[in-house]
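Dear colleague,

Please find below the structure that I am handing over to you, with its sequence.

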Amino acid sequence: MGDLDTQLAFMYGELQGYPKVFKALMSAVSVREASDIVLTKYERPADQSEGARRRRARYGEEIRSLLTGGGKKEEPAVTEWEARQKVVSAAVGWYGRKEADGSHRAIIDIYNGHVPLANGYRVKDTDSWCAAFASAAAIAAGCTDIIPTECSCGRMIGLFQKAGRWVEDDAHVPSAGDYIFYDWDDKGTGDCTGWPEHVGIVVSVCGNTVRVIEGNKDDAVGYREMAVNGRYIRGYGTPDYAAKAVRV
């Protein structure tokens, strides 16, 4: 309970069950606006008066000030956590897009529009597109300097390995924004080292449960829940989000 990242991850996972609230929060531009959304649309206490709203927003401003060092120039303008959430938010924003109605093409277009295009190959609408989805999230979030773009899961692992950001241990406990790779031929014994067939982006970790957003899951963008060290986990790409922290 005393770990901020754990609290934030739990809150992020909890809010996935309230899509309207989550969507409103993602577009909030101030502490007061976000505070009012949580107060009136999520917690919904008996007292929702203007006085209560001002008081709650003041608490939020005080906490924000504590976490950012009172706005000192030495503090990050973009934290590691915020950098992670940019990638997660981009991926989550495509939830529900699918092949059946062609809405997945917008994701593929983002991937194909990136320069340089990995191996010079343009992904077709009929190709498997899980890696293109994972790459498109990095492109949309402006994180291609720390996340390799590829349309092949195996080649993407190779790029993570080359960058020194690959975790081979299946029992690794990931963080939001990490890339999880799967091998559907995993026998469930020992550390899986087979060829990967699928990839997703970790949204949150709560206890022993990893929540993942994936492209091309049943021909659509959808969620999956995996147990830490569960069968089929090939390993993790762990982008250097700390390098994205910008100081002002």
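Apart from its neighbours within four places in sequence, isoleucine 147 is in contact with Val87, Ala138, Phe160, Tyr179, Pro239 and Tyr241. Please bear in mind that the model is predicted.

Ile147 belongs to the largest nonpolar core, a group of 49 residues. Along with Val87, Tyr179, Phe181 and Ile201, Ile147 is among the residues with the most contacts inside this core. Helix 7 (residues 130-141) supplies the largest share of the core, namely nine residues. There is also a second, separate core of 10 residues, which includes Tyr182, Val202, Val228 and Tyr236. As a general background, nonpolar side chains in soluble globular proteins tend to be buried together.

In helix 8 (residues 153-162), the buried residues are Cys153, Gly154, Met156, Ile157 and Phe160. They lie on the same side of helix 8 because they cover an arc of only 160° around the axis. Their packing partners are helix 7, strand 2 (166-167), strand 3 (179-182), strand 4 (198-206) and strand 7 (233-237).

Helix 3 (residues 31-43) has Ser35, Asp36, Ile37, Leu39 and Thr40 buried. Helix 2 (19-26) and helix 4 are among the elements that cover these residues. After helix 3 comes arginine 44, with a positive phi near 50°.

**A patch on the surface**

Which residues form a nonpolar patch on the surface? They are Leu4, Ile63 and Leu67, and together they have about 280 Å² of accessible area. Of these, isoleucine 63 is located in helix 4 (residues 50-67).

Yours sincerely

How values were computed:
Residues are numbered from 1 along each chain as its sequence is written. This is a predicted model: local features need pLDDT of at least 70, side-chain atom pairs count only at pLDDT 80 or more; totals for chains, interfaces and linings use all residues. Side-chain values use heavy atoms; hydrogens and water are left out. Patches are made of residues with over 30% relative accessible area and no salt bridge: like charges are joined within 9 Å, nonpolar side chains (Val, Leu, Ile, Met, Phe, Trp, Tyr) within 5 Å. Accessible areas come from the Shrake-Rupley method with a 1.4 Å probe; for residues, only the protein chains shown count as cover. A salt bridge is a side-chain nitrogen of Lys or Arg within 4 Å of a carboxyl oxygen of Asp or Glu. Helices (H or I, at least four residues) and strands (E, at least two) are DSSP runs, numbered from the N terminus. A nonpolar core is a set of buried Ala, Val, Leu, Ile, Met, Phe, Trp, Tyr and Cys residues joined through side-chain atoms within 4.5 Å. Buried means under 20% relative accessible area, exposed over 50%, partly exposed in between (1.4 Å probe, protein chains only). Contact means heavy atoms within 4.5 Å. The arc is that of the directions from the helix axis to the C-beta atoms.
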